[in-house]
Amino acid sequence: MRISILGAAGNIGQALSLLLKIYLPVGSELHLYDVTPAMLGIALDLSHVSNNVIVKGFIGKDITQALVNTDIVIISAGIARKPGMERDDLFNINADIILKLIKQIVITSPNALIGIITNPINSTVVIAAEILKKYQVYDKRKLFGITTLDSIRANKFVHDMKGKNVNNINVPVIGGHSNQTILPLLSKLRNINFNNQEVIDITRRIQNAGDEVIKYKSGSGSATLSMSYAASRFCLSLVNGLLGNSNILEYAYIEGDSKYAKFFSQPFVLGKNGIIEYKEIGKISLFEESILNNMISHLNQDILRGEMFVKKLSSI
């Protein structure tokens, strides 16, 4: 299995690379790319971890070599949020970064599975899709906005509130990846009961968890370690799907069945060609329905913003 990480010298990229170095199947290759010359030293540093996963570093114009014959591309490149910033504030800079990287993926590895971490995910994934469409290589089964962190946070916060074994907690999170569009489905949990105020409190905490991290990092960055862990888990699910393992249920921001919005974080099953089956969300609570109904306009705005960014380009 060959995994390419674009933006691998950043805080998320480095931690993600370490986790994948540890947990990828024996004989896999990690191709680490960034624009900074330090990438070569980072890759060398990581290669000293003694296992049978090969690590190679690439910089600058070597992005082509970083992507050759890759199975999965994870994009973590881009600027991070600072105090007072919303994910949408990152749009102008990160949209250009996604544009350039997806164009290179089109040229070098158009059949790879693509996972995007770069915010604002609600729009950057749409930009990627529109570029892939223009080059006629788009396969919606192979493009993912990685929203796993929302579910991981939800599981931890339920554990904190209720004291249950966190390994037995699995909160589905649907919608998007912004404060207004993150929707944990606490009603899906069995054998854990919440009163109305607890549901409101934990939902708001999950939605605003990223802001909480930024605040307490005092201007030094956003969520990086937890995001790296979440991205590694999702990437390993992609790997297991490609290897033919069955019944791999995941959630991510995708162009799915479009029941609620054109792009939406929903459940699906992974296989050798990416997504092989879309799953229904099923019955949810009245509280969750109200948030779902209110988020759709926000999601549609984010989606339109990504589409218009590509549409306005004179050439790509």
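Predicted model: local features only at pLDDT ≥ 70, side-chain atom pairs only at ≥ 80, totals over all residues.
User: How many residue pairs are in polar contact across it, then?
Analyst: Eleven, with both residues at pLDDT 80 or more. A polar contact is a pair of N or O atoms within 3.5 Å; within protein, one must be able to donate a hydrogen and the other to accept it, and residues adjacent in sequence count only if both atoms are side-chain atoms.

User: Which elements of domain 1 give two or more residues to that side?
Analyst: Helix H1 (11–23), strand E4 (72–75), helix H5 (121–134) and strand E6 (143–145). Helices (H or I, at least four residues) and strands (E, at least two) are DSSP runs, numbered from the N terminus.

User: How much area do the two domains bury?
Analyst: About 3,500 Å² between them, 66% of it on carbon and sulfur atoms. That is accessible area (1.4 Å probe) lost on putting the two parts together, summed over both.

User: Where are the domain bounds?
Analyst: Domain 1 is 2–147 and domain 2 is 148–301. The bounds come from an automatic or database domain assignment. The domain centres, taken over C-alpha atoms, are 21 Å apart.

User: Back to salt bridges. How many does the structure hold?
Analyst: Ten. One of them joins the side chains of Glu-29 and Arg-2, at 3.0 Å, N to O. Glu-29 is in strand E2 (residues 29–34) and Arg-2 in strand E1 (residues 2–6), so the pair ties together parts 27 residues apart in sequence.

User: New topic. What is the peptide bond from Asn-119 to Pro-120, cis or trans?
Analyst: Cis, with omega near 0°. Pro-120 lies in the loop between strand E5 (113–116) and H5.

User: Which residue has a positive phi although it is not a glycine?
Analyst: Asn-69 does, with phi of about 60°. Asn-69 sits in the loop between helix H3 (63–67) and E4. Most residues other than glycine have a negative phi, and most peptide bonds are trans.

Definitions and conventions. Residues numbered from 1 in each chain as written. Heavy atoms only, no water. Salt bridge = Lys/Arg side-chain N within 4 Å of Asp/Glu carboxyl O.
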